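Subject: Structure handover

Hello,

My notes on it follow below.

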Amino acid sequence: LADYFEEEDAFSLVGWTVIEEQNIGIVGFVVDYENIPGNPCIWVRRPDGNEVLLPLHEDLVQWMDESSKQISLIIPEGLLE
């Protein structure tokens, strides 16, 4: 898991599906990575076409599956509004 939090590896998440299992289901697809010092983030394109910036912090990642290219995140309240 830690490999994906290095800048060069985070770009390999582009195209992955982002899932939030508790309430939302599929959030969208990773379209870019933004290296904010101390707070790496991913840009996610939502099904409605809007893009949202989500933190890519180890504490928020529930699981990652390379074979299906899916990542499940805990998304803090208010980030998808």
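In which sense do strand β1 and β2 pair, and over how many bridges? Strand β1 (residues 17-20) pairs with β2 in the antiparallel sense, over four bridges. Before the rest, some notes on the basis. This is a predicted model, in which local features need pLDDT of at least 70 and side-chain atom pairs count only at pLDDT 80 or more, while totals for chains, interfaces and linings use all residues. Residues are numbered from 1 along each chain as its sequence is written, and side-chain values use heavy atoms, with hydrogens and water left out.

Sheet

Strands here are DSSP runs of E with at least two residues, numbered from the N terminus. Two strands are said to pair if DSSP finds at least two bridges between them. Strands of a sheet pair through backbone hydrogen bonds, either parallel or antiparallel.

The model has an open sheet of six strands with mixed pairing, in the order β4-β3-β2-β1-β6-β5. Its edge strands, β4 and β5 (61-65), each pair on one side only. From one strand to the next the twist averages 35° (axes are lines fitted to C-alpha atoms, and angles run from 0 to 180 degrees between N-to-C directions).

β1 and β2 make a hairpin with four residues between them. Across this pair, Glu20 stands opposite Gly25, and Thr17 stands opposite Phe29. Phe29 also has a bridge partner in β3, namely Arg45. β2 and β3 run antiparallel and are joined by five bridges. Their hairpin has six residues between the strands, and in it Gly38 takes a positive phi near 80°.

For Val44, contacts (heavy atoms within 4.5 Å) beyond its neighbours within four places in sequence include Val18, Val27, Val30, Val52 and Leu54.

Is Thr17 buried or exposed? Thr17, in strand β1, counts as buried at 11% relative accessibility (buried means under 20% relative accessible area, exposed over 50%, partly exposed in between, with a 1.4 Å probe and protein chains only). Leaving aside neighbours within four places in sequence, Thr17 is in contact with Ile26, Gly28, Phe29, Lys69, Gln70 and Ile71.

Pro55 lies in strand β4 and counts as buried at 16% relative accessibility. With neighbours within four places in sequence left out, the contacts of Pro55 are Asn39, Pro40, Cys41, Leu60, Leu73 and Leu79. Pro55 and Trp43 are twelve residues apart in sequence, and their C-alpha atoms are 8.9 Å apart in space.

Salt bridge

How many salt bridges does a search of the whole structure find? The search finds one, taking a salt bridge as a side-chain nitrogen of Lys or Arg within 4 Å of a carboxyl oxygen of Asp or Glu. Arg45 forms a salt bridge with Glu51, with the closest N and O atoms 2.5 Å apart. Arg45 is partly exposed, with a relative accessible area of 39%, and Glu51 is partly exposed, with a relative accessible area of 39%.

Regards
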